[in-house]
Amino acid sequence: MPDTADGVANTATTQVEVRRSRRRTSTVSAYRDGDRTIVSIPAKFSRAQEREWVQRMLDRLADKEQRRRPSDEGLATRALELSEKYLDGLARPSSVRWSARQGRRWGSCSLPEGSIRISTRVRGMPGWVLDYVLLHELAHTLHAGHGPDFWALLDRYPRTERARGFLEGHAFARDVGPDEGADDELGDAPG
Ligand SMILES: [Zn+2]
């Protein structure tokens, strides 16, 4: 793991609570709890060590979150990178954005212009899952349906099966009930 401290900590909107624990000897941990960030440090840390480690942990958290939650711009850039890497650069969507209005769908692609929307529910999921969702919608700019040609494109991405399993499990855990989660297949706005 890189241990750089050059990330920008966003402390303006975050309240930091430092907890000193006598049980901790050398480990430091940090997590978000609503708009607070809890940083646990060993009781023996000096004030200088506390400052150093709090900053370090805030940087790390921000860095991790940034990678998991790219902006619209970051999302579009990622889509183009994925298109280059797995689809020979053939998928050229007109726009790629997050959307909170995807209902049960993980993403959608409106044809023929090829505007891709990714559900904000995918935000915070592992990057390889987001990549799959992006690739799925990118592939739809080349093949509208879910035929063999479509899946052949997605087979180029090594984590397709794993990502589909992840999303199915996620949908199932959320929707256990009369409605079956299986139709939470990546949704596609009809062309
Ligand atoms: Zn689809």
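Modeller: Asp88 is exposed, with a relative accessible area of 54%. Exposed means over 50% relative accessible area, buried means under 20%, and partly exposed is in between, using a 1.4 Å probe and protein chains only. This is a predicted model, in which local features need pLDDT of at least 70 and side-chain atom pairs count only at pLDDT 80 or more, while totals for chains, interfaces and linings use all residues. Residues are numbered from 1 along each chain as its sequence is written, and side-chain values use heavy atoms, leaving out hydrogens and water.

Colleague: Where does Asp88 lie, and what is its phi?

Modeller: Start with how elements are named. Helices (H or I, at least four residues) and strands (E, at least two) are DSSP runs, numbered from the N terminus. Asp88 sits in the loop between helix 2 and strand 4. Its phi is positive, about 55 degrees, although Asp88 is not a glycine.

Colleague: How many residues does helix 2 have, and how far does it reach?

Modeller: The expected span of a helix is 1.5 Å times one less than its number of residues. Helix 2 covers residues 72–86, which is 15 residues. From first C-alpha to last it reaches 21 Å, close to the 21 Å expected.

Colleague: Which residues of helix 2 are buried?

Modeller: Leu75, Ala79, Leu82, Ser83 and Tyr86 are buried. Seen down the axis of helix 2, the buried residues fall within an arc of 100 degrees, so they line one face of the helix. The arc is taken over the directions from the helix axis to the C-beta atoms. On the face turned away from the buried side are the exposed residues Glu73 and Lys85.

Colleague: What covers the buried residues of helix 2?

Modeller: Here contact means heavy atoms within 4.5 Å. The cover includes strand 4 (95–99), strand 6 (115–119) and helix 3 (127–140).

Colleague: In what order do the strands of that sheet run?

Modeller: Two strands pair if DSSP finds at least two bridges between them. Here 3 strands form an open sheet in the order 4-6-5, with mixed pairing. Strand 4 and strand 5 are the edge strands, each pairing on one side only. On average, neighbouring strands are turned by 20 degrees against each other, direction ignored. Strand 5 and strand 6 run antiparallel and are joined by 4 bridges. Within this sheet, Cys109 stands opposite Ile116 in strand 6.

Colleague: At what angle do the helices run to this sheet?

Modeller: Axes are lines fitted to C-alpha atoms, for helices over the stretch in contact, and angles run from 0 to 180 degrees between N-to-C directions. Helix 2 lies across strand 4 and strand 6, at about 130 degrees to strand 4. Helix 3 packs on the sheet and touches strand 4, strand 5 and strand 6; its direction makes about 150 degrees with that of strand 6.

Colleague: Is Ser108 buried or exposed?

Modeller: Ser108, in strand 5 (residues 107–110), is buried, with a relative accessible area of 4%. Its side chain is joined to that of Gln102 by a polar contact of 2.9 Å. A polar contact is a pair of N or O atoms within 3.5 Å; within protein, one must be able to donate a hydrogen and the other to accept it, and residues adjacent in sequence count only if both atoms are side-chain atoms.

Colleague: What kind of peptide bond joins Leu111 and Pro112?

Modeller: The bond is cis, with omega about 5 degrees. Pro112 lies in the loop between strand 5 and strand 6.

Colleague: Which residues of helix 1 are buried?

Modeller: Glu50, Val54, Met57, Leu58, Asp59, Leu61 and Ala62 are buried. Their cover includes strand 1, strand 2 and strand 3. From the strand side, Ala30 lies in strand 2. Not counting residues up to four places away in sequence, Ala30 touches Ile38, Val39, Met57 and Leu61.
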